[in-house]
Amino acid sequence: MSATVSAPAGVTPSSRDWEKKVDDVRPSKADMNIIVMNYLIIGGYPSAAMKFAQEAGLESQMDLSSIEKRNQICTSIHHGDIKTAIERINDFEPELLEMHPGLHFALLRLQLIELIRRSMEDNDIVPALTFAQEYLAPRAPQYPEFLRDLEHTMALLCFPPNQLSTPLKKLLDPDMRKQVATMVNQTILASQEVSPEAKIGRLVKLRAWVEAKAAQSDSERLRSIPHMDLGLVSPKGEFPEPTD
Amino acid sequence: MASSSSYHTVAASGTSTVVPRSQGSSWASIVSGQPSRPRISSTASTGLRNQRNGSHANLSDLGSQSGRYYNTAFSNSHNAQSKLLRLPVSLPSYLEDSLYAEKLDAVRDLSWGSAIPSRTSSYTSVGLQAAQSRGTGLKLDVKDTVPSPDDDLPTPLPTKWNDRDRSDGIEVSQDGLNVQFSVTGPSKVNEYDSASVRADYFIPRSCGVYYFEVAIMNKSREGLISIGFCGADVHLNRLPGWEPNSWGYHGDDGKSFCCSGMGKAYGPQFNSKDVIGCGINFRTHTAFFTRNGQMLGTAFRDIPNDRTLFPAVGMKKPGEHIRVNFGQEEFSFDIDGYMKAERKMALQEISDSQVESLCPPLDEASLIQSLISSYLQHDGFVETAKAFAQDLQAEQNALSSDGKSKPLELMEDENAIHRQNIRSAILEGDIDQALELTRKYYPDVLSLNEQINFRIRCRKFIEMMRQSAETTNGRKKAPSTSKRRAFDAYGDEEDEDVDMDGDAQSDMDVDEPAPVAVPDFDMLGKVLEYGRQLQEDFKDKPELQEEMEQVFSLFAYSDPMTSPMAHLLSEEGRGPVAEALNSAILVSLGKSSKAPLERLVQQTTVLLRELGEEGGPASFVNIHHWIHNLDFLPNS
């Protein structure tokens, strides 16, 4: 009784058919270049952005000095020099930290972590304690999560470095700096009314989403779509094993 | 053009109304990805709105409106013409971001070629300007356009009631929009029978949501009118909803009927002048109705997703008369808002999706970095690749200040450097250098890729013409160092002879040979000689002759730079040549001609299309808008 949709049901295309479909799509070069440029700007890679503008023949309307300032701030954070980072933020966007108490707290906590890291080397916990009492303790009662984070961080002082639990170890991981740097970068971008998410980030998410959706689909045809490889290879031909 | 019938006469779609070409170009802007669009945004719909607000009497107006709404302007397309003719010219605004709209655009791009800017090439606005976004003057991209296979053509949207798909006892107006229960039909309808009609086309699932409205122009005392949708083979002497595979909202009792004679209480009864809307949501497999702009809620669930469904109306009593709005006029319900909410849900879902499974063990940040650096390598942006790698390395070093520095792989690839040198030579107009490098490092590439060989040789010819024209005119000192390098052989000594004042141009218009042209004879001779050689080398390639003639026509003008063919000389033509050669070299090296980033876009496009075809959430997502336009949405 029912009319079926024009696409012949039951005929599942082979992986070669899918490859051909993929090959037939012609993404525009101009688009690719815009995606790359956008990433270099948003991600804060000033020298690469400048070179790319030249090599690809693109004009960037975004102020290069702003990328550079964001880059400097993030670099300070990566280095663990939070004091300089905060000074630079205050120079660049004087009201940013005041308007984002969570970000400010995250920076101060990172600074405390860096002090604790040093105290472990120097066997002197006084600077870390003083800093915590002076800067973090007064802020902690504002929000319950601040208090929790502070307690968690202070626990670092209670254990010898080689007996830290995994969540505590994580605090000392360089990834912590990276996270805070990303937060700062995005907050600055948002305050400048630039979308803090790079186009390529959205694109990658869309790619992951469509694949997941196809796998969950009611349609046999969609479920049968083979995994499509991106063709990413490291220079040595394969990806390095996940690092420990 | 006087109207004698009670209904307006409208030219059948795509047959008699001729829309001038200039008219056609306006629809490019209709659906071009402008961030802020009017609710209905086309010349066609302006006309249609006038029709609604103004009188209904102007027949010639109606004719041309209908002509614009259905695309009659496709007359210059060569393929699948009749099918293209039935595609809508403008879309109801709620469909503008749908997959359906994207497919429509794709077809337009192909059938119009470069006559109009397409949506896909015009969204370079986002704070960045792409110098290369405009195409080359030369129409040499034969390889770059893939004709859309016939089955990829979008199906037309419903546009009117189908006079050939109705039961007796119902009368469809000539414009196909009005339907009346007929008292005087040839066969008097059985008292137990009703009369229904289907729309001309089924509803494409790639719309994501489909919506139409029916105005109750007049009703019988009972108001036995059913508005809904049904399959292609459902009997039309019953009201939609009563038969299997049909669904309807009935005006006499306000009940909703789902494939059965037993209705469920749903909404109010219909009154004269009510506007009843019907929407199908292919994501949720549900349908809803609206009344005078108010949402009445979900009427049906679990609508099977393997049927083709047509809008349908049915009626049972004399005096009943409805008029449909398939989107040619503004809707009374805010379907745009409904659509926006739907899209937002899909977009939110995408934003929340996890990318770790895409390319393990890479996390999101590393995956993106790999995509970027492989793209830079692949496309020969050597300097950028280096700078980017250094930036990343610096970041890595900073992060591991504890001495556990993990050195990043610097992808030093000498092929990338060769490719970059070839690329920049072409971008600077130094074709000789590019040819020399290519022959040296990739000796087979040019002989194996005749088309690319031809493109490069043509470009060389064009660069010679450029040089010749620039020296002759003494205008425009070479903006880049390239020109000097390209023509070292005969360029330099001319400079002083040619350094002349502004009279140059007026001199060129005079019949007698301009004195300044004398020193250029030598050069023009060389250009001519090169042209002859080019012709000789490719003379037995009929498919290339047209392009060649186009290029040679530059000879016809004393000043090619201001001639009608000047676009051929544009520096922007260099980019595509460089890309084509780069791709050919990559293929010869056994590498994919596409960088992983491009693969990602290609795969996403295909998967999105396939998913959207089923009417799922993917049909609300337009990849171009997703990448580019979302910036303008304030933190949605």
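A residue counts as buried if 20 or more other C-beta atoms lie within 10 Å of its own, as exposed if 12 or fewer do, and as partly exposed in between. The exercises below use a predicted model.

**Exercise 1. Two loop residues**

Task: Classify N245(B) as buried, exposed or partly exposed, and say where N245(B) is placed.

Solution. 
- Count first. N245(B) has 19 C-beta neighbours inside 10 Å, so it is partly exposed.
- Then place the residue. N245(B) sits in the loop between β7 (225-230) and β8 (246-250) of chain B.
- Check the backbone. The phi of N245(B) is positive, near 65°, and the residue is not a glycine.

Solution. 
- H285(B) has 16 other C-beta atoms within 10 Å, so it is partly exposed.
- H285(B) lies in the loop between β11 (275-281) and β12 (286-291) of chain B.
- Its phi is positive too, about 60°, although H285(B) is not a glycine.

**Exercise 2. A residue in helix α12**

Task: Decide whether A469(B) is buried or exposed, and find which residues it touches beyond four places in sequence.

Solution. 
- A469(B) belongs to helix α12 (residues 450-473) of chain B.
- It has 24 C-beta neighbours inside 10 Å and therefore counts as buried.
- Leaving out residues up to four places away, A469(B) touches D559(B), P560(B) and M561(B).
- Take M561(B). It is 92 residues from A469(B) along the chain, yet their C-alpha atoms are separated by 6.7 Å.
- Of the chain B contacts between residues at least 6 apart in sequence, 66% join residues at least 24 apart.

**Exercise 3. Helix α18**

Solution. 
- The buried residues include R574(B), P576(B), V577(B), L581(B) and I585(B).
- G590(B) follows α18(B) and has a positive phi, near 80°.
- For scale, 46% of the 636 residues in chain B are buried. Chain B has 20 helices and 15 strands.

**Exercise 4. Helix pairs in chain A**

Task: Find how helix α2 (residues 29-43) and helix α3 (residues 46-56) of chain A pack.

Solution. 
- Their axes are 9 Å apart, at an angle of about 160°.
- Angles over 145 degrees count as roughly antiparallel, so α2(A) is roughly antiparallel to α3(A).
- The crossing of the two is left-handed.
- Among the residues in contact are V36(A), M37(A) and L40(A) of α2(A), and A49(A), F52(A) and A53(A) of α3(A).
- By class, this contact holds 9 nonpolar residues, 1 polar and no charged.

Task: Repeat for α3(A) and helix α4 (residues 64-79) of chain A.

Solution. 
- The axes come within 9 Å and cross at roughly 150°.
- α3(A) and α4(A) are therefore roughly antiparallel.
- P46(A), A49(A) and M50(A) of α3(A) meet L64(A), I67(A), E68(A) and N71(A) of α4(A).
- This contact divides into 5 nonpolar, 1 polar and 1 charged residue.

Technical notes:
Residues are numbered from 1 along each chain as its sequence is written. Chains are lettered from A and ligands numbered from 1 in the order in which they are written. This is a predicted model: local features need pLDDT of at least 70, side-chain atom pairs count only at pLDDT 80 or more; totals for chains, interfaces and linings use all residues. Helices (H or I, at least four residues) and strands (E, at least two) are DSSP runs, numbered from the N terminus. Two residues are in contact if their C-beta atoms, placed from the backbone, lie within 7 Å. Axes are lines fitted to C-alpha atoms, for helices over the stretch in contact, and angles run from 0 to 180 degrees between N-to-C directions. Angles under 35 degrees count as roughly parallel, over 145 as roughly antiparallel, 65 to 115 as roughly perpendicular and the rest as oblique. A crossing is left-handed if the near helix is turned anticlockwise from the far one by less than a right angle, and right-handed if clockwise. Ala, Val, Leu, Ile, Met, Phe, Trp, Tyr, Cys and Pro count as nonpolar, Asp, Glu, Lys and Arg as charged, and the others, Gly among them, as polar.
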